[in-house]
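Subject: Structure handover

Hello,

Here is the structure I said I would pass on. Please open it first and then read the notes below it.

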Amino acid sequence: MMRKTINLLSGLALVTSLFILNGNFARADSPTPAYNNIPNSIPGNVPSQGFECCSTKEIGDHIRLGETQRKAASATILMSNWAAGVTYPVLLAANPNGYTHAITLNIYQVGTPPNVGAKIASVTQNFLVPWLPQNDPTCPFQQGTVRKWRAPDGNCYNGIAFPITFNLTGIALPDEFIFGVAYNSHHHGYTPVGAAGPYDSLNVGTSDISPIVGTDIEPDAVYWNTTHGPFYADGGAAGVGVFRRDTGWTGYAIAATFNVLVPPPPPPPP
């Protein structure tokens, strides 16, 4: 028993020594934004790009990170949902807070400008998509549309903006890359669901602010994969159903934050 006690105490001392340095507890690397164009105060909704409505498979942007560290921590994408739970009573009964849908974040190298290079990483996670809040009868009604909801900011909206966060731990990011957001809807996405659902009203949010940190390489352009040629600025001349550069997006950059792990400052001398 004494030997076991000594071994236990020795183990505790070893663990303690790993966490204490010069009298201070060692600190883990801190997630820090290296690119961010999501407003600090997210409004009730934002302009957004739909998948089902616009024959979309993937949409993203070309960015440069602003931090010196490149070990990824996470990425947040601002989304927008226009689906009300009352329209899907079975799903609403299963979860009054929202429905779950798989969404993918792809990260690519930058090829010969303006082409997309090789894929660096791809992360798919299931996210809870919040239902559109209850209609507010005091919001103006537009013929042919559902009545809007009133957000805490006092304004009325047709959809609700919400963030989703991907775990990118273990991924090394280059200084500059192209990212894309992809998911499936009834008829669109890389693997269409084949049935109508609330995901047909799910969109990727945009931002009209310059990045707080990092650089949007070309503010007038995003990267888009749509199978409908006329949606592209060039009418589809450079190809359809291809994830490629598209212009005419000034004021509508894809809203995203990429966090990297930054080591803590060294401890003070003893």
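I start with strand β5. Strand β5 (residues 56-64) has seven of its nine residues buried, so it is largely enclosed by the rest of the structure. Buried here means under 20% relative accessible area, exposed means over 50%, and partly exposed is in between, with a 1.4 Å probe and protein chains only. Strands are DSSP runs of E with at least two residues, helices are runs of H or I with at least four, and both are numbered from the N terminus.

Before the rest, a word on the source. This is a predicted model, in which local features need pLDDT of at least 70 and side-chain atom pairs count only at pLDDT 80 or more, while totals for chains, interfaces and linings use all residues. Residues are numbered from 1 along each chain as its sequence is written, and side-chain values use heavy atoms, with hydrogens and water left out.

Partners of β5

Two strands count as paired if DSSP finds at least two bridges between them. With strand β12 (residues 176-182), β5 pairs in the antiparallel sense over six bridges, and Asp61 faces Phe179 of β12. Strand β15 (residues 221-226) is also antiparallel to β5, joined to it by four bridges; there Gly60 is opposite Tyr223. Strand β14 (residues 215-216) is antiparallel to β5 as well, with two bridges, and Arg64 stands opposite Thr215.

The protein as a whole

The protein has 270 residues, and 42% of them count as buried. Its secondary structure consists of two helices and 18 strands. Among contacts (heavy atoms within 4.5 Å) with a separation of 6 or more, 77% are between residues 24 or more positions apart. The accessible surface is about 13800 Å², and carbon and sulfur atoms hold 59% of that; the areas come from the Shrake-Rupley method with a 1.4 Å probe, and for residues only the protein chains shown count as cover.

Nonpolar cores

A nonpolar core is a set of buried Ala, Val, Leu, Ile, Met, Phe, Trp, Tyr and Cys residues joined through side-chain atoms within 4.5 Å. The largest one has 42 residues, and Ile77, Leu168 and Phe258 have the most contacts inside it. Leaving out residues up to four places away in sequence, Ile77 touches several others, including Leu105, Phe162, Ile164, Phe179, Val204 and Ala255. Another core, of six residues, lies apart from it; Leu132, Ala151, Tyr157 and Ile160 are among its members.

Asn36

What is Asn36 in contact with, leaving aside its neighbours within four places in sequence? The list is Pro211, Ile212, Val213, Ala256 and Thr257. Asn36 and Thr257 are 221 residues apart along the chain, yet their C-alpha atoms are separated by 4.2 Å. Asn36 belongs to strand β3 (residues 30-36) and is buried, its relative accessible area being 11%. A polar atom of the Asn36 side chain lies 2.9 Å from the backbone nitrogen of Ile38.

Salt bridges

Side chains of opposite charge can pair when their charged atoms come close. The whole structure contains five salt bridges, a salt bridge being a side-chain nitrogen of Lys or Arg within 4 Å of a carboxyl oxygen of Asp or Glu. Three of them are described here.

- Asp175 and Arg70 form a salt bridge at 2.8 Å, N to O. The pair links distant parts of the chain, 105 residues apart: Asp175 is in the loop between β11 (160-167) and β12, Arg70 in the loop between β5 and β6 (72-81). Asp175 is partly exposed at 48% relative accessibility, whereas Arg70 is buried at 18%.
- Asp136 and Arg150 form a salt bridge, their closest N and O atoms being 3.5 Å apart. Asp136 sits in the loop between β8 (116-130) and β9 (149-150), and Arg150 in strand β9, 14 residues apart. Asp136 is buried, with a relative accessible area of 17%; Arg150 is partly exposed, with 35%.
- Glu218 and Arg245 form a salt bridge with closest N and O atoms 2.6 Å apart. Glu218 lies in the loop between β14 and β15, and Arg245 in strand β16 (residues 244-247), 27 residues apart. Glu218 is partly exposed at 29%, and Arg245 also counts as partly exposed, at 29% relative accessibility.

Regards

Key. A polar contact is a pair of N or O atoms within 3.5 Å; within protein, one must be able to donate a hydrogen and the other to accept it, and residues adjacent in sequence count only if both atoms are side-chain atoms.
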